[in-house]
Amino acid sequence: MNRAAKLQNSKAILSPVWSRLSDVVIERGQGSFVYTSCGRKLLDFTSGIGVTNTGHCHPKVVKAAQDQVGKLMHVQMGIAYHEPVLQLAEELKTVVPKGLDQFFFSNSGAESVEAALKLARHATGKPNIISFQGSFHGRTIGAMSVTNSKNGYRAGYAPLMAGVHVAPYAHCYSMKGPLSGSFSPTNGQISGGHNANGQVNGGGSKLNSTQRAQTCGQSACCNEPLNQIENILATQSAPSETAAILLEPVLGEGGYVMPPRSFMKGVREICDKHGILMILDEVQTGFGRTGKWFGLEHFDIKPDILCFAKALSSGFPLSGIAASPEIQSKWVPGSHGGTMGANAVACAAATATLQVIKEEGLVEKAQVRGEQLRSLLHQLRERYPQIADIRGPGLMVAAEFYTQADDVRPFPNHDPRYAVKKGFTGALTKKCVENGMLLLNTGIHETVRFIPALNVSQEELELGFDIFEQSMKETLKEYYVERDTEARPPQQQVPFFMPLNDEQGGKKMRM
Ligand SMILES: Cc1ncc(COP(=O)(O)O)c(C=O)c1O
């Protein structure tokens with residue numbers, strides 16, 4: 001049997017539980033590209049879901065790991081210290097918010113969330129957790145119990161962890177449908193809250209759900225999600241029983257949604273007011289991805305516990321939490337731990353990763369490249385009005401396509417005559433693989449996300465954009481929706497894309 005046939009056969013002995021974008025076998029990776037066992041070269045705009053922020057196999061990370069492998073691979077943290085973990089803690093201290101300078105290390109993002117939940121319960125002596133609609137925190141029972149981004153992640157696994165209450169995240173038009181609870185749809189009365197700068201505004205805004213959908217964006221919020229947290233604290237989980245409020249600074253699996261600053265500041269204030277810990281899950285947003293070291297910097301807030309993983313070690317399994325010594329001191333020694341956490345090779349790779357991010361200015365690069373990518377997508381939207389929304393900070397960029405379901409709450413400035421069928425982005429991402437690029441979708445709507453390495457070059461970005469445009473054009477042929485006459489003015493032909501006008505001369509758009 002030849003090698004290709006052997007590999008093909010071996011696929012059958014892996015569990016089918018992993019859902020997978022493509023069937024290719026990746027043999028090696030370098031920078032923004034991966035190479036398959038069949039000799040294909042693919043541009044990687046997934047970065048292994050936000051892991052290879054320094055690109056595949058960055059030489060400095062490779063060297064640090066290789067050097068460490070030959071020296072010492074494993075010391076169990078309950079037995080002794082090792083140098084790489086101490087070096088990593090010192091390096092991390094320079095990038096996390098001041099005061100969050102004691103660390104616990106584990107292997108995966110889910111484990112970091114588990115650690116945060118356990119620490120919050122020990123530190124407060126309280127049982128309950130408030131999490132948010134659209135959130136993703138991992139696949140273990142605890143992390144899954146605070147995850148609300150898709151039925152599929154939870155279905156069939158009950159009973160889940162008790163004591164979890166779910167509040168709406170602040171992105172009204174992505175949530176599709178009116179918020180329930182204390183907001184009154186009849187008079188639109190909202191009391192209290194904060195304006196976009198995080199100042200208390202005395203409340204009393206009167207908005208109907210459509211106005212809210214138009215008002216609520218990244219720079220402003222109707223404050224209803226904050227009211228809903230207060231509502232939960234008044235009706236379901238008293239502050240005296242609530243250990244922590246847990247959230248992502250930008251929803252990852254929930255569709256790359258960045259909330260307004262006032263929302264994040266408001267959550268911090270609610271936590272302070274009621275003596276509740278704030279846990280920020282920066283597993284996907286951490287280490288430069290959003291154009292800042294951590295997403296929290298966009299909002300000028302400091303959590304009590306910070307979860308990190310993924311990009312920390314460029315692909316080695318390593319995660320952890322950061323908290324103040326005061327909070328960490330309440331964690332009963334021996335009540336948490338793990339055999340493999342803080343693996344020596346992973347820690348050495350992580351220290352090198354952090355140094356590369358600093359030396360190569362990758363946090364700033366993420367901002368610049370992110371701007372370029374969003375600008376290209378905005379130009380593309382002029383020609384393909386099926387794109388309803390372009391969003392996300394730094395190189396955490398999403399494009400959402402309009403479907404019939406969006407008619408319930410149309411996107412501001414979007415023409416609902418242009419829509420795609422459900423399943424479009426699934427087909428689009430597969431088409432991208434055919435055309436030479438790995439790209440993922442996210443959330444329950446038709447959204448694709450671009451997560452290239454932070455050191456992606458301008459040429460690679462343009463290549464990815466060209467592959468995306470070509471794939472979109474091909475996929476739209478099948479997934480373009482002919483809107484009914486009610487939605488479309490009579491006699492008007494709606495092409496599936498808008499042709500370039502003469503001035504553009506049919507040339508490719510560029511930054
Ligand atoms: C925000 C967030 N938290 C937690 C996790 C879980 O991480 P892991 O898959 O490493 O357990 C993820 C994974 O995508 C994530 O995006």
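1. Two strands pair if DSSP finds at least two bridges between them. By that rule β13 and β14 pair, with four bridges in the antiparallel sense. This is a predicted model. One facing couple here is R391 and A398, the latter in β14.

2. The hairpin of β13 and β14 has five residues between the strands. Within this hairpin, G392 takes a positive phi near 110°.

3. Strand β14 (residues 397-401) runs antiparallel to strand β18 (residues 447-450), and four bridges join them. V397 stands opposite F450 in β18. A399 has V448 of β18 as its bridge partner.

4. How much of β14 is buried? Five of its five residues are, so the strand is largely enclosed by the rest of the structure. The cut-off for buried is 20 or more other C-beta atoms within 10 Å of the residue's own.

5. Look at the directions along β14. In a regular strand the side chains alternate between the two faces of the sheet. V397, A399 and F401 point one way from β14. A398 and E400 point the other way. All of these are buried, E400 included.

6. Helix α12 (residues 344-359) passes a simple length check. At 1.5 Å a residue, its 16 residues should span 22 Å; the end C-alpha atoms are 23 Å apart, which agrees. The expected span uses one less than the number of residues, because that is how it is defined. α12 is mostly covered, with 13 of its 16 residues buried. Just after α12, G361 takes a positive phi of about 60°.

7. Finally, the ligand. There are 15 residues around it, and G109, A110, G138, V283 and Q284 come nearest. By class, the shell has six nonpolar, six polar and three charged residues. Which helix gives the most to this shell? Helix α5 (residues 109-124) does, with three residues.

Conventions: Residues numbered from 1 in each chain as written. Predicted model: local features only at pLDDT ≥ 70, side-chain atom pairs only at ≥ 80, totals over all residues. Helix = DSSP H or I, 4+ residues; strand = E, 2+ residues; numbered from the N terminus. Buried ≥ 20, exposed ≤ 12 C-beta atoms within 10 Å, placed from the backbone. Near = placed C-beta within 6 Å. Nonpolar A, V, L, I, M, F, W, Y, C, P; charged D, E, K, R; others polar.
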